[in-house]
Amino acid sequence: MSDTLISADVLGSDNKKREAALTSDYAHLGEQLSRRGIDIDAIRDKVAAFHVAVPSWGVGTGGTRFARFPGAGEPRDIFDKIEDCAVINELTRATPTVSLHIPWDKADPNRLKQAASRFGLSFDAMNSNTFSDAKGQANSYKFGSLSHADKGTRAQAVEHNLECIEIGETIGSKALTVWIGDGTNFPGQADFTKSFERYLDAMREIYAALPADWKLFTEHKMYEPAFYSTVVQDWGTNYMIAKELGDKAYCLVDLGHHAPNVNIEMIVARLIQFEKLGGFHFNDSKYGDDDLDAGSIDPFRLFLVFNELVDAELRRAKGFAPAHMLDQSHNVTDPIESLMRSANEIRRCYAMALLVDRKALAAYQDDNDALMASETLKTAFRTDVEPILAMARLKDNGAIDPIGAYRAAGYRQKVALDRPAVESGGGGIV
Ligand SMILES: [Mn+2]
């Protein structure tokens, strides 16, 4: 049995208050779905088996370029962060893995492993950081890292990625995610071709050090921190990278890293078709890389992404095994609450996508019945699947209402007694 941080009494009594209503709602939805030929229990079981990784950096309060306003009881170090991640999983039962960021989360790997397994958690993809300077490092990343004009700086960045792999091997991770801040602010500042050549050469060295059962994820982003050009700017370049490096290299799609109005679900479909979809950094945005809670701005877009994922899952698309990770920044909410609701929104979109009548959809597509094809998706999207999500959590001893139970348990107030208040400060998404 794993240790728990939310008392079983509090969780039990919170669930008890809500269970009768849930049973009735679930039965009603089950009856509706059975009229559509869908077995609600089968959907519930699929949802219960669907997991998403929590980023260690997501449990601290984020910030903007302007300021950071810390909340009470902020995690002091990676061990506090692991505890906060454990709470998210205890209540949602959707997040049994944590994704680490090095050097932010650097600690004795054996201690990390112990701390996680105490709560039944394990580790997802490792994330390297060559977009900021670590204390005492010889060369600065101000003008780039893996694509830097200076050989020594590139070597240092490669070395850091190798260290991330090494730590990851000890703690049981199976993937490395590389996102670089490399790019330019002004036309002419760097040579596009030379920069990309240098990047590819550096990535080849990292790829060569990848254990046989690992995957390498590269993440594209069109702007920020560089505002004129980035070295890995879009999914096309990302696909070229994965193709150049080899079979263990895949593209990671962060939903906030595209131009406004880009058809992300279509990018996802293309990457699936050519066996290069590595996984996701889920979040939501209105304008750019806003890193808001998944599904909070455009839930239909998230559903359409999941429509492609479920389609690939059901037709057993070759090489399809994407990693699901959250990547968010929480500036005005309790990060634990935001992450719980995001994990829930991701499961919601997965559940809704499972309800799509795919046979009917294919027939409407073949008949060029645009209206009914669109309605087939909307029918699934309009279905309130909350009783399925709640039942999946309850079945796995989670909370019917994770945020309600979390607030009833007073976790944040409790940890605030041990964790000293942090002063407000300058910007930086940390
Ligand atoms: Mn990301």
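Start by selecting Glu275, which sits in the loop between H8 and E9. This is a predicted model, so treat every stop on the tour as a look at computed coordinates. Glu275 is not a glycine, yet its phi is positive, at about 55°. With 33% relative accessibility, Glu275 counts as partly exposed.

For background, most residues other than glycine have a negative phi, and most peptide bonds are trans. Now hop to Asn261, in the loop between E8 and H8. Here is another non-glycine with a positive phi, about 70°. Buried or exposed, then, is Asn261? It is exposed, at 79% relative accessible area.

Next, pick the bond from Ile102 to Pro103: this peptide bond is cis, with omega near 15°. Pro103 belongs to the loop between strand E2 (97-102) and helix H4 (109-118). A cis bond also joins Glu224 to Pro225, with omega about 10°. You'll find Pro225 in the loop between E6 and strand E7 (229-230).

Asn129 lies in the loop between E3 and helix H5 (151-171). Its relative accessible area is 3%, so Asn129 is buried.

**The sheet**

Switch to cartoon and colour the strands. In what order do the eight strands of the open sheet run? They go E1-E2-E3-E4-E6-E8-E9-E10, with parallel pairing. Strand E1 (54-55) and strand E10 (323-326) are the edges; each has a single partner strand, so one side of each has no neighbour in the sheet.

Zoom in on strand E4 (residues 175-178). Ala175 and Thr177 point one way, Leu176 and Val178 point the other, and all are buried.

Now check E4 against its partners. Strand E3 (residues 122-128) runs parallel to E4 and is joined to it by two bridges; Met126 has Leu176 as its bridge partner in E4. With strand E6 (residues 215-219), E4 pairs in the parallel sense over four bridges, and the partner of Thr177 in E6 is Phe217.

**The manganese site**

Select the manganese ion and show its protein donors: Glu219 (OE), Asp254 (OD), His281 (ND1) and Asp327 (OD), at 2.1 to 2.3 Å from the ion. If you like sequence patterns, the donor residues are spaced E-x34-D-x26-H-x45-D. Asp254 lies in strand E8 (residues 249-254) and His281 in strand E9 (residues 277-282), so this pair ties together parts that are 27 residues apart in sequence. Both Asp254 and His281 are buried.

**Two helices to inspect**

Move to helix H3 (residues 78-92). At 1.5 Å a residue, its 15 residues should span 21 Å, and the end C-alpha atoms are 21 Å apart, which agrees. Of those 15 residues, 14 are buried, so H3 is largely enclosed by the rest of the structure. Look at the N-terminal end: Asp77 caps it, with a side-chain oxygen 3.0 Å from the backbone nitrogen of Phe79. After H3 comes Arg93, whose phi is positive, near 55°.

Then select helix H9 (residues 299-314). Its 16 residues should span 22 Å at 1.5 Å a residue, and the distance between the end C-alpha atoms, 22 Å, agrees. The buried residues of H9 include Arg301, Leu302, Phe303, Phe306 and Asn307. What do the buried residues of H9 pack against? Their partners are helix H8 (264-273), E9, H10, helix H11 (358-366) and helix H12 (370-382). H9 is followed by Arg316, with a positive phi near 50°.

**Finish in the core**

Keep Phe306 selected and show its surroundings: Phe306 touches Phe50, Phe282, Ile346, Cys349, Tyr350 and Ala353, not counting residues up to four places away in sequence. Which members of the largest nonpolar core touch the most other members? Of its 114 residues, they are Leu146, Tyr199, Phe282 and Phe306. Helix H10 (residues 335-354) supplies the largest share of this core, 11 residues. Apart from it lies another core of eight residues, including Ala175, Tyr250, Leu252 and Met325. As a general rule, nonpolar side chains in soluble globular proteins tend to be buried together.

Technical notes. Residues are numbered from 1 along each chain as its sequence is written. This is a predicted model: local features need pLDDT of at least 70, side-chain atom pairs count only at pLDDT 80 or more; totals for chains, interfaces and linings use all residues. Side-chain values use heavy atoms; hydrogens and water are left out. The expected span of a helix is 1.5 Å times one less than its number of residues. Buried means under 20% relative accessible area, exposed over 50%, partly exposed in between (1.4 Å probe, protein chains only). A polar contact is a pair of N or O atoms within 3.5 Å; within protein, one must be able to donate a hydrogen and the other to accept it, and residues adjacent in sequence count only if both atoms are side-chain atoms. A nonpolar core is a set of buried Ala, Val, Leu, Ile, Met, Phe, Trp, Tyr and Cys residues joined through side-chain atoms within 4.5 Å. Contact means heavy atoms within 4.5 Å. Donors are N, O and S atoms within 2.8 Å of the metal (3.2 Å for Na, K and Ca); water is not among the atoms, so sites may look incomplete. Two strands pair if DSSP finds at least two bridges between them.
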